[in-house]
Amino acid sequence: MNVESIRTSTRDNLSNKALGQLGEKAAARYLQGCGFSIWARNFRCRTGEIDIIASRSGQLRFIEVKTRRDCSFDRPGEAVTEAKKQRIRRCAEYYLKKLEETGYRPTGISFDVVEVIIRHTESAF
């Protein structure tokens with residue numbers, strides 16, 4: 001998705017998929033700004049998908065990105081169900097096994113959630 005298509009999109013015609021892609025792109029930029037190296041985006045395996053795999057200081061992070069138009073009900077991260085967590089863990093195990101075959105071992109791992117909230121306040125002032 002390019003910047004021009006984002007500018008011309010309205011709230012009603014920005015699909016959930018496009019919104020998710022926008023959020024993942026923003027999350028990756030944010031993480032890079034915080035000193036993370038992005039190893040993979042949208043890593044898929046038989047058991048599921050991991051939105052972002054990143055590292056910092058030898059620790060590998062498996063990151064789920066949740067994007068919402070607003071958070072008037074729940075925080076976006078609260079939408080990560082136990083079933084989704086299990087799929088991410090199994091996918092991370094697969095990734096770690098493949099990584100181990102290269103001889104690399106992270107000093108630690110963690111499972112993170114990045115919440116992206118896109119809010120447009122019309123006639124704000």
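Visitor: Is Glu49 buried or exposed?

Guide: Buried means under 20% relative accessible area, exposed over 50%, and partly exposed in between (1.4 Å probe, protein chains only). Glu49 has a relative accessible area of 18%, so Glu49 is buried. A caution: this is a predicted model, where local features need pLDDT of at least 70 and side-chain atom pairs count only at pLDDT 80 or more, while totals for chains, interfaces and linings use all residues. Residues are numbered from 1 along each chain as its sequence is written, and side-chain values use heavy atoms, leaving out hydrogens and water.

Visitor: Which side chains make polar contacts with the side chain of Glu49?

Guide: A polar contact is a pair of N or O atoms within 3.5 Å; within protein, one must be able to donate a hydrogen and the other to accept it, and residues adjacent in sequence count only if both atoms are side-chain atoms. The side chain of Glu49 pairs with that of Asn42 at 2.7 Å and with that of Arg44 at 3.4 Å.

Visitor: What about Asp51: which side chain of opposite charge is nearest?

Guide: For charge, Lys and Arg count as positive and Asp and Glu as negative; His and the chain ends are not counted. A salt bridge needs a side-chain nitrogen of Lys or Arg within 4 Å of a carboxyl oxygen of Asp or Glu. For Asp51, the nearest is Lys84, 5.6 Å away; Asp51 is buried yet has no salt bridge. A polar atom of the Asp51 side chain does lie 2.8 Å from the backbone nitrogen of Val65.
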